Each structure stands twice: as structure tokens, then as C-alpha cells.
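User: Can you walk me through this one? I'd like the overall build, then the side-chain contacts.

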Amino acid sequence: MTQGLQVRSVALASLLASCSVIAEHVDEEVLVVGSKNRLEMEIDSLKTAVPDSAAMLRKLPGANVNSNGPLTGIQQYRGMFGPRVNVNVDGIHIASGGPNLMDPPLSYAPAAMLDSLTIYRGVAPVSVAQESIGGAIVASTATGDFGSDTGFGVNGALTAGGQSANDGWLGNGLVAIANDSHKVYLNGLVEEGRDARFPDGKIRPTEYQRRRIDGGYGWHHGPHTIELSAARNETDDAGTPALPMDIDYIDSNLYRGEYRYNTKQWSLEARVFGNQVDHLMTNNHLRPPPPNPMMYRNAFTTSDSLGYKVMAELYTDRAVWRIGSDGQRAVHNADISNPNNASFYVTNFNDSERSTAGLFAETEVRLSSSWELEAGARYNRITMDSDEVGTSMAMMNPAIRTLQDNFNDADRSTTDNNVDWVLRANWSPASAWIYTAAIARKSRSAVYQEKYLWLPLQSSGGLADGNNYIGDINLDPEVAHEIELGFDWEGRNGMVTPRIFYRKVDDYIQGVPSTNMAANMVSQMMSGSLPLQWANVDATIYGFDMEWGVAIGPQWSLYGIVNYIRGERDDIDDDLYRMAPPNTTLGLRYEARRWTANIETVAYTRQDKVSETNGETETPGYAVVNFGSQFTLVEDVTLAFGIDNLLDRRYNDHLNGINRAVNQDLAIGEKLPGWGRNAYARLRWEF
């Protein structure tokens with residue numbers, strides 16, 4: 001079957017020696033393990049200038065990030081984002097604590113702690129994730145290594161660093177005590193940052209504080225492996241200027257237990273996992289508070305989740321066969337209050353429950369020396385329900401009372417039965433060429449915000465478009481049919497991996513102008529604008545992405561990425577919201593024995609294909625220049641330094657949200673700018 005190869009893709013000088021590259025990445029921050037349908041970044045956190053690991057997705061073809069704050073990056077892949085792109089962190093499918101995704105899944109894999117970040121390019125296998133209509137991402141944090149059979153030893157790393165754009169700093173320590181059978185580890189992180197600067201001032205509020213401690217135990221004996229892990233993540237006083245509130249605190253617990261049995265003939269994996277989140281947000285402690293004390297708002301939210309996965313694999317001479325089951329139950333609550341008025345309350349979500357249960361089967365077959373086939377099918381059953389809601393405002397406002405009573409009187413329980421399938425063929429007529437083609441059907445049921453948001457509010461899963469939304473209990477699942485074509489070419493001095501894709505989505509869940517008279521009255525009273533209501537529409541998303549590299553000497557190489565994505569409504573003449581504009585990366589890299597350096601230009605074109613329905617604004621094109629370098633001081637001690645946005649360019653990233661906080665340097669409703677010139681340095685000692 002397909003084997004991944006480890007190379008420094010950006011150098012590509014290694015091509016001269018090994019002449020073998022499959023899907024290498026294009027930046028010195030990562031090593032990439034590549035296969036025909038997987039790009040895995042083995043993270044070198046030394047060269048990461050930002051705390052948000054989601055920002056690293058920009059370094060992979062087709063991937064990007066919707067940024068609502070310094071720790072609030074929402075994953076995007078080929079035009080789909082949020083819950084449409086499945087994220088797994090250390091074996092856990094995390095149920096975020098906030099209805100606006102202030103704690104998106106990748107925020108639980110801090111950049112400084114990351115060990116690897118895997119994205120399944122194009123159509124994800126059905127065994128990887130339950131709902132992966134927009135793709136699948138797997139993040140793993142560092143846990144240390146097993147030792148030798150000579151006795152227990154200690155391994156790990158200590159890292160310290162800082163960056164200039166927000167006066168940020170971090171400290172990270174990983175210590176593992178292990179022999180060949182037992183491993184105990186601790187991995188801790190402390191990081192802080194102030195409001196980030198851009199050429200015209202400061203982006204307020206973008207300060208943050210985060211503390212994280214992970215611990216675990218591993219046991220390995222013969223074919224048996226057991227892993228137990230737990231983590232505590234505490235985020236305090238973190239700004240999210242694209243959202244109506246900021247983070248007061250997010251206290252989260254994550255846990256996982258896993259057993260694996262591996263032989264040459266077959267393997268078994270069994271895992272249980274869960275997370276629990278307590279989250280308080282406000283509109284009055286980081287940003288300037290409303291002038292009217294009666295408009296102060298605090299929101300306390302929780303999520304509790306428990307899940308499992310069981311999978312068996314059978315190996316034959318020509319095939320791998322997989323069968324398994326997975327499931328998860330998540331419960332969400334959200335209560336809004338006013339610290340100046342004890343009698344004010346809104347029960348926004350009350351035990352909103354989403355349960356999934358899936359069965360899947362999959363095979364990878366080598367048909368001949370040049371042909372491979374992957375085929376898989378999955379059945380998912382998604383059940384949802386929510387308890388009754390209420391608000392103190394219903395006593396005095398008939399329209400709010402109508403919305404409350406209609407929701408409480410409705411049958412709020414729903415069940416979806418979804419079927420996915422994937423078929424992929426790979427043809428390698430020569431050692432330098434691999435052609436790939438895939439077709440698939442993928443589905444996604446609505447999340448709890450889309451069904452159970454009963455009062456017009458901006459609890460929109462991080463859309464950050466400034467609109468109020470209301471839900472629809474009767475939403476149908478999204479169903480996408482997709483085709484992907486491409487090839488990988490690897491030569492002595494270069495590589496290129498283009499892909500084109502076309503995805504037709506039936507019942508795409510999108511906000512449309514509300515026809516609910518009560519909701520319209522309430523929204524106009526609270527914000528002066530009409531709300532959107534989630535509804536099923538039809539959409540098409542298509543595009544092209546590619547990475548490439550070429551060695552131009554023993555120590556020099558060029559590398560790049562090209563992305564083009566277009567998303568359109570099929571029911572009306574409109575574009576889909578928050579689509580990345582066409583963009584490219586072009587870089588030059590030098591690599592010596594103890595020193596590496598690279599300089600790159602990242603360029604985005606103007607985005608004028610915007611969603612009128614969402615009130616999305618156009619953004620001009622821009623280009624920024626980044627420089628990075630790394631030097632081995634002595635054995636096991638490494639210094640990395642660089643400057644992002646070297647020319648201190650003022651630019652607006654189209655995928656950033658719009659400003660919602662009063663700020664003398666940015667108008668309300670203005671697109672949040674990118675950070676200004678950001679010099680950074682990291683020092684690491686490995687032992």
C-alpha cells in the first residue's frame with residue numbers, strides 16, 4: 001500500500017540525493033509526510049510566529065483560516081469551513097463550548113505544542129471521520145518518545161520565544177520518562193500577548209492569556225498498546241473583535257483512553273474520549289462597554305461530550321480491509337445575563353443535544369503494479385433535541401413571547417439517516433507519475449445553533465458577518481456530490497501536485513432573509529436590521545489547488561502554492577460567504593548544514609465575488625513578504641528567528657471577520673486588518 005516519505009520539501013535539495021518526493025509541503029516550518037490523499041505537517045513550532053495553529057493551514061494547498069481573534073481561527077478547506085470540516089485533536093472530536101466558536105477545535109492544539117497537522121487532501125476516507133463533507137484534519141500534540149530496553153530515560157524539550165507585533169511571549173516544556181514499555185509525560189504551556197499592532201494603530205481587543213497542561217501514560221508490549229491522556233486548557237481575557245463579545249475565560253478538560261492491537265495480519269483500535277467546557281464571555285470587560293448599562297451582556301455557556309471509535313483492519317497481500325463504528329453525544333447550554341440587572345435573563349440554548357452513531361466499511365486494493373483502488377461506505381444516524389427556553393423579556397414584548405412559545409410548543413426532536421460513499425482510483429504508469437481520480441457523496445446534518453437558535457442573535461458559529469440569525473428545527477441534511485482529478489509528478493529536481501475539484505451541494509445550509517414576522521420585529525428592535533434564518537438552498541463549490549517545488553542548486557530551491565476557489569448559490573444569483581480569493585505563495589530557500597533561511601511572497605487577488613445575502617464587502621488584493629531562518633547553535637540547541645510582513649504592509653485578509661468593537665483605529669464594520677511587521681524568535685533545547 002501507499003507509504004509516506006519524509007523530506008524537507010522546501011529545500012528540495014534532498015531530491016538530488018533521494019530523487020523521491022510525493023506531496024511535500026512548501027515552507028521551512030514543516031516536514032511533510034505525503035501520500036496520494038494525505039498531507040501531514042510535522043510541525044517545527046520554532047518557526048511559528050502566531051499562537052493560533054489554524055493559521056498553519058495556509059501553508060497547505062486548498063486550506064485557509066477564518067480568523068475572528070488571535071486564538072479563534074476556524075479551519076477552512078476548499079471553500080467549506082467550521083463544522084463542515086471535521087477536526088480531530090489527539091484522538092478527540094471536540095465539542096466547542098461557545099455558540100460562536102470562540103474555542104474552535106484547533107484552539108485545543110496550541111501552535112507551540114503541535115507535533116503534526118494532517119489534512120486529507122480532497123475527499124477524505126469514510127473511516128477518518130463521521131461527517132467530513134468539507135474535509136478532515138487531524139492534529140497531534142507532542143507527547144515524548146518511548147525509550148530503550150536498557151532502562152528508563154528522560155526525553156523532551158524546553159522552548160521560549162516572543163514576537164513583536166503584540167509583545168507576545170511563550171514558554172513550553174515537555175518532559176517524558178520512558179523505557180521501551182512504559183512512558184509518562186507532561187507537556188505545559190504558558191503564553192500571553194497584548195493588542196496586536198498594524199500600520200495604522202492597534203487591533204483592539206486582541207490580547208490573550210493561555211495556560212495548558214497535558215499529561216499521559218503509555219504502555220507498549222508486543223502487539224498491545226494502551227494510551228491514557230488528559231489535558232486542562234485555560235484561556236483568559238482573550239479578545240475576539242469580530243464577534244459581539246470577548247472571552248472572559250474558557251476552562252476546558254479533555255480526556256482519552258485508547259487500546260491498539262497490531263500484528264502483520266490484522267489490527268484493532270478502540271478509543272473513548274470526551275471533553276467538558278465552561279465558558280464566560282462579555283461585551284464589557286475588554287472592549288469599551290455599551291454606554292447604556294442596560295445593554296451590558298454576559299454569556300455563560302457549557303458543553304459536555306463523550307464519544308467512541310472502534311475499528312478493525314485486515315491485511316492481505318493486495319488489500320487492506322477496514323470496518324468500524326463511531327459515535328458521540330454532545331450537550332450544549334448557553335445563558336445570557338446583565339451584570340447590572342439581576343432580573344434579566346435569556347436561556348439561549350437549554351440542553352441542546354446532538355448524538356451521532358456511525359458504521360463504516362472501507363478497502364484499499366492494489367489491482368496491479370500500477371493501479372490502486374480505495375472504496376468505502378458509511379451510514380450515520382444523527383438525533384437532536386433541545387429543552388424549553390425562556391427570557392425575562394417575554395413578559396413585556398409580545399413578539400419575543402411568540403418566539404418563545406412557538407419554540408417550546410414545537411416538536412424539537414429530529415432524526416437524520418445519512419449515507420456517504422467514496423471511490424478513488426490511483427494510476428502510476430511510471431515511477432515519476434501518479435494520476436488520481438475520486439468521486440464521493442458526503443453529508444452533514446445541521447448543528448445545534450442552526451436548529452435551535454430561537455431568538456434572533458449573533459450566535460452563528462463564528463460567521464462574524466454582523467447579522468442576527470434564527471434557526472430552523474426542520475432543516476434537512478446537506479448532501480454533496482464531488483469529483484476530483486489530479487496528478488503528482490516527482491522528478492529529479494522538482495515536483496508538482498495539481499488538483500481540480502467540483503462539488504455540488506444539495507440543501508446547503510445558508511442564512512436567508514427571514515420571513516418570520518415576530519423574529520423580524522425583535523431583530524429590528526434590538527439591532528435595527530432584519531435577521532437571517534438558516535435554510536436549505538443549493539450551492540456549487542469548485543476550484544483548483546496546487547503545490548510545486550524545484551531545486552535550483554545543491555542548497556537552493558524555489559517553492560510555491562496556487563489556490564483558486566469559487567462558491568455560488570444555485571437558487572439565486574449570489575456568491576457564497578467567506579470564500580478565499582485566488583492566492584499564491586512563492587518562496588526561495590537556502591539550506592546549509594547548520595543554517596537555513598527562506599524568503600517568500602504571499603499574494604491574494606481582489607475578492608469581488610462576495611455574498612450579498614450576508615452583506616459581505618469586497619476586499620482589495622495585497623502581497624506580503626516574510627523572512628525566516630534557523631540556526632543550530634550547538635547540538636540539540638536551536639535558534640529560529642524571522643520577520644512576517646517584512647515591509648509592514650497594511651492589508652485586509654478577506655477571511656478575517658469585521659470589526660465589532662469600538663476602536664479609535666478601526667471603524668465598526670470595517671474588515672479586520674492583518675498584523676503589521678512581526679519580528680519573532682524562538683529558542684529550543686531538546687534532550
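**Overall build and contacts**

Analyst: Of the 687 residues of the protein chain, 61% count as buried. Keep in mind that this is a predicted model.

User: How many helices and strands are there in the chain?

Analyst: The protein chain has four helices and 36 strands.

User: What radius of gyration does it have, against a compact globule?

Analyst: The protein chain has 25 Å, which agrees with the value near 26 Å that a compact globule of 687 residues would have. Along the principal axes, the C-alpha atoms fill a box of roughly 75 × 55 × 50 Å.

User: And the contacts, what share joins residues at least 24 apart?

Analyst: That share is 67%, counted among contacts between residues at least 6 apart in sequence.

User: Switching to aromatics. How many pairs?

Analyst: There are 16 aromatic pairs. One of them is W433 with F487, a tilted pair at 5.5 Å centre to centre and 45 degrees between the planes.

User: Where do W433 and F487 lie?

Analyst: W433 is in strand β25, residues 433–444, and F487 is in strand β27, residues 478–490, so the pair ties together parts that are 54 residues apart in sequence.

User: How accessible are W433 and F487?

Analyst: W433 is partly exposed, with a relative accessible area of 31%. F487 is also partly exposed, at 24%.

User: What about Y435 and F487, how are their rings placed?

Analyst: The ring centres of Y435 and F487 are 6.0 Å apart and the planes are at 50 degrees, so this pair is tilted. It links distant parts of the chain, with Y435 in strand β25 and F487 in strand β27, 52 residues apart. Y435 is partly exposed, with a relative accessible area of 32%.

User: Which residues form the aromatic cluster?

Analyst: W371, W427, W433, Y435, F487 and W489 form one aromatic cluster.

User: Which charges sit over rings?

Analyst: K183 lies over the face of F146, at 5.2 Å from the ring centre. The charged end of R297 sits over the ring of F344, 4.2 Å from its centre.

User: On to salt bridges. How many does the structure hold?

Analyst: It holds 45 salt bridges. Among them is R212 with D214, whose side chains meet at 2.5 Å, N to O.

User: R212 and D214, buried or exposed?

Analyst: R212 counts as buried, at 4% relative accessibility. D214 is buried as well, also at 4%.

User: And E362 with R322, what is the N to O distance?

Analyst: The salt bridge between E362 and R322 has an N to O distance of 2.8 Å. E362 lies in strand β21, residues 341–366, and R322 in strand β20, residues 319–338, so the pair ties together parts that are 40 residues apart in sequence. E362 is buried at 4% relative accessibility, and R322 is buried at 14%.

User: Which one do you have within a helix?

Analyst: One is R401 with D405, whose side chains meet at 3.0 Å, N to O. The two residues are four apart in helix α2, so they are separated by about one helical turn.

User: Why would that spacing put two residues on one side of a helix?

Analyst: An α-helix has 3.6 residues a turn, so residues three or four places apart point the same way.

User: How accessible are R401 and D405?

Analyst: R401 is partly exposed, at 42% relative accessibility. D405 is partly exposed too, with a relative accessible area of 26%.

User: Which residues are linked in a network of salt bridges?

Analyst: R78, R121, R424, E484, D488, R499 and D545 are linked in such a network.

User: Last topic, helix α4. Which of its residues are buried?

Analyst: Helix α4 covers residues 517–527, and its buried residues are A518, A519, N520, V522 and S523.

User: What do they pack against?

Analyst: The buried residues of α4 pack against α2, residues 398–409, and against β26, residues 469–470.

User: And the two ends of α4, what is at the start and what follows?

Analyst: At the start of α4, a side-chain oxygen of N516 reaches to within 3.1 Å of the backbone nitrogen of A518. After α4 comes G528, with a positive phi near 80 degrees.

Note on methods: Residues are numbered from 1 along each chain as its sequence is written. This is a predicted model: local features need pLDDT of at least 70, side-chain atom pairs count only at pLDDT 80 or more; totals for chains, interfaces and linings use all residues. Side-chain values use heavy atoms; hydrogens and water are left out. Rings of Phe, Tyr and Trp (its six-membered ring) pair if their centres lie within 6.5 Å; planes under 30 degrees apart count as stacked, over 60 as edge-to-face and the rest as tilted. Buried means under 20% relative accessible area, exposed over 50%, partly exposed in between (1.4 Å probe, protein chains only). A charge sits over a ring if NZ of Lys or CZ of Arg is within 6 Å of the ring centre and within 35 degrees of the ring normal. Contact means heavy atoms within 4.5 Å. A polar contact is a pair of N or O atoms within 3.5 Å; within protein, one must be able to donate a hydrogen and the other to accept it, and residues adjacent in sequence count only if both atoms are side-chain atoms. A salt bridge is a side-chain nitrogen of Lys or Arg within 4 Å of a carboxyl oxygen of Asp or Glu. The radius of gyration is taken over C-alpha atoms; the globule rule is 2.2 Å times the number of residues to the power 0.38.
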